Amino acid sequence: MKKLLVSLAVTLSLVSFAHAAGDAKAGEAKAAICAACHSGNGIAMIPNYPSLAGQHESYLAKQIMNIRDGARKVPEMTGMVTAFTDQDAQDVAAYFAAKPKNLGQVDPAMLERGQELYRAGDMAKGIPACTACHSPTGMGNAQAKYPVLSGQNPAYTESALKKFRDAERANDPNNMMRAIAAKMSDKDMKAVSNYVFGLN
């Protein structure tokens with residue numbers, strides 16, 4: 001009986017895990033609605049929109065659900081994902097996660113300050129190094145739902161930082177990004193946003 005219960009528990013956990021994961025093939029058709037802003041391959045050609053290609057499935061699914069549920073306000077996406085189920089969000093996230101991520105190039109004028117902030121932070125201002133959560137390569141942390149920053153459109157990253165600073169965006173865990181962004185100047189935000197764009 002004990003073996004049966006253990007086997008059943010393992011089976012149920014596997015079924016639960018399998019259901020939670022997205023299906024990239026199913027996500028392809030569902031992602032058609034995203035193409036106008038993020039393009040079919042997930043690399044946004046409009047600088048203010050995020051590139052989704054190569055982003056962690058866990059992070060993308062969370063953002064889609066947060067936007068759908070009103071926890072994250074994105075006026076441009078009003079109505080776009082309202083009808084999405086959790087599985088739809090996972091499937092679309094899996095589709096974009098499987099795409100090759102964008103490769104950018106840092107503006108040389110912002111390299112030094114951007115690199116300093118990303119790699120070491122600014123202790124005088126109380127800004128921690130970005131690498132602590134987003135990794136030295138900018139690839140983030142899928143398990144913790146910390147996003148890939150490498151190759152992200154700098155205009156989008158800069159805008160996101162300002163929204164965190166101004167509390168227009170508040171879906172960061174434990175107020176983490178809002179607290180950090182509040183200590184950053186506009187120049188800091190622009191420099192680090194350019195740096196991660198070229199971090200490959």
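User: Why does F96 count as buried?

Analyst: This is a predicted model, in which local features need pLDDT of at least 70, side-chain atom pairs count only at pLDDT 80 or more, and totals for chains, interfaces and linings use all residues. Residues are numbered from 1 along each chain as its sequence is written, and side-chain values use heavy atoms, with hydrogens and water left out. Buried means under 20% relative accessible area, exposed over 50%, partly exposed in between (1.4 Å probe, protein chains only). F96 has 1% relative accessibility, so F96 counts as buried. Y95, at 12%, counts as buried as well.

User: What makes the pair of Y95 and F96 edge-to-face?

Analyst: Rings of Phe, Tyr and Trp (its six-membered ring) pair if their centres lie within 6.5 Å; planes under 30 degrees apart count as stacked, over 60 as edge-to-face and the rest as tilted. The centres of Y95 and F96 are 5.1 Å apart and the planes stand at 65 degrees, so the pair is edge-to-face.

User: Why is the pair of Y118 and Y195 called tilted?

Analyst: Their ring centres are 5.7 Å apart and their planes lie at 45 degrees, so this pair is tilted. Y118 and Y195 are both buried.

User: How do you know that C34 is in no disulfide?

Analyst: A disulfide is a pair of cysteine sulfur atoms within 2.5 Å. For C34 the nearest cysteine sulfur, that of C37, is 8.9 Å away. The structure holds zero disulfides.
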